[in-house]
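The exercises below are meant to be worked with the sequence and the 3D structure open side by side. Each begins with a task and continues with a solution in steps.

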Amino acid sequence: MAPQLQRHNGFDIFIHWFNAACWLFLAATGLGLIDNPALNPLGNGYPRVLRALFGSGGNLLLAHEIVGGLWIAAFLLYLVFNLRGALFFLREVFSVSPARDMTWMLKKQIQMTMGEKMLLRLGLDPHLPPQGFYNMGQKAFAQAAIVGSLVIALSGMVMVLSQLTLDSDRTILVAWAIMLHYLAAGVVFAGLLVHVYMAAIAREERPAFISMFTGTVPEDYARHHHLLWYEQVCGGAAPTPPPGALPLDPSRGAAPAPRKGG
Ligand code: HEM
């Protein structure tokens, strides 16, 4: 087996797939709760089928709220048990180098849509600037997913609490919550289409997909796609070791050198 680097720990892998499963369920049930056919992209047949499946609209709403509550609780537990990993993730995702990352983003769009030859034709160096633990595309999606998820969670809580304390038809707060809930879910969903394509379908990212189960990526992949991270982990003095990176992470019983051969 090719030499491997640790990329994700067990907490990260669990929360990612738990989050994906919750998203699937919440999107499916959420769409079933929109009973205005003018607003529901799936018309009114889908909500009718889903309500019948759950026994009633009330049960469907209850299931949506319970899974939404579990989703929020799981993230709170993740923060408690893996605060260091969460802070590393947030720092990586929100630290953007405008010159390097924006150039990467621009060139990557051209490369993916019109090919490397177009970069040459435009007089641009076809090499993409080196990227860290996440590339700029991953950062952009993660930023949208984090902000969007916060908006979804907070607006969802306002809606649930409004059933207990407020008249939901009359409060401006609830009206805003409903609008923001839809909007944030729509924005994250749009990003998800690209995320799932890049993560699960694009061949060049296959090692990253596998790492979401095994936790490791081949060193070669890390060098090609995340050179700055690779250099941090493997070369010279490493300023900020990623929490999942065994070689440099003493809190996980790390070995003093990069893990070879998985
Ligand atoms: C079933 C569909 C999904 C697949 C196949 C998938 C796949 C992946 C993979 C392979 C990675 C690791 C990338 C790497 O290590 O470089 C990843 C990371 C990530 N995923 Fe997903 N994912 C899915 C659903 C979701 C959902 C629903 C969300 C949130 C709404 C999400 C949010 C993220 C975030 C924030 C990251 C870290 C940043 C990034 O790599 O883009 N994923 N996903």
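Buried residues make up 21% of the 262 residues in the protein chain, where a residue is buried if 20 or more other C-beta atoms, placed from the backbone, lie within 10 Å of its own, exposed if 12 or fewer do, and partly exposed in between. The model is a predicted one, in which local features need pLDDT of at least 70 and side-chain atom pairs count only at pLDDT 80 or more, while totals for chains, interfaces and linings use all residues. Residues are numbered from 1 along each chain as its sequence is written.

**Exercise 1.** Determine how many helices and strands the protein chain has, and in what order they run.

Solution. Begin with the definition: helices (H or I, at least four residues) and strands (E, at least two) are DSSP runs, numbered from the N terminus. Counting them gives 11 helices and two strands. Read from the N terminus on, the order is β-α-α-α-α-α-α-α-α-α-β-α-α.

**Exercise 2.** Work out which residues of helix α4 are buried and how they are placed around its axis.

Solution. First, α4 covers residues 83-94, and its 12 residues reach 16 Å from the first C-alpha to the last, close to the expected 16 Å, a span defined as 1.5 Å times one less than the number of residues. Next, the buried residues of α4 are Gly85, Phe88 and Phe89. Seen down the axis of α4, these buried residues fall within an arc of 100 degrees, so they line one face of the helix; the arc is that of the directions from the helix axis to the C-beta atoms. The face turned away from this buried side carries the exposed residues Leu83, Leu87, Arg91 and Phe94. Finally, the buried residues of α4 pack against α1, with a contact meaning that two C-beta atoms, placed from the backbone, lie within 7 Å.

**Exercise 3.** Describe which helices supply the shell around the ligand, and which classes of residue make it up.

Solution. Start with the count: 20 residues surround the ligand, and the closest are Trp23, Gln138, Ala199, Ala200 and Ala208, a residue being near if its C-beta atom, placed from the backbone, lies within 6 Å. Then assign them to elements: α1 (10-33), α7 (136-165), α8 (172-201) and α9 (206-214) each supply at least two residues, and α8 gives the most, with six.

Methods
Ala, Val, Leu, Ile, Met, Phe, Trp, Tyr, Cys and Pro count as nonpolar, Asp, Glu, Lys and Arg as charged, and the others, Gly among them, as polar.
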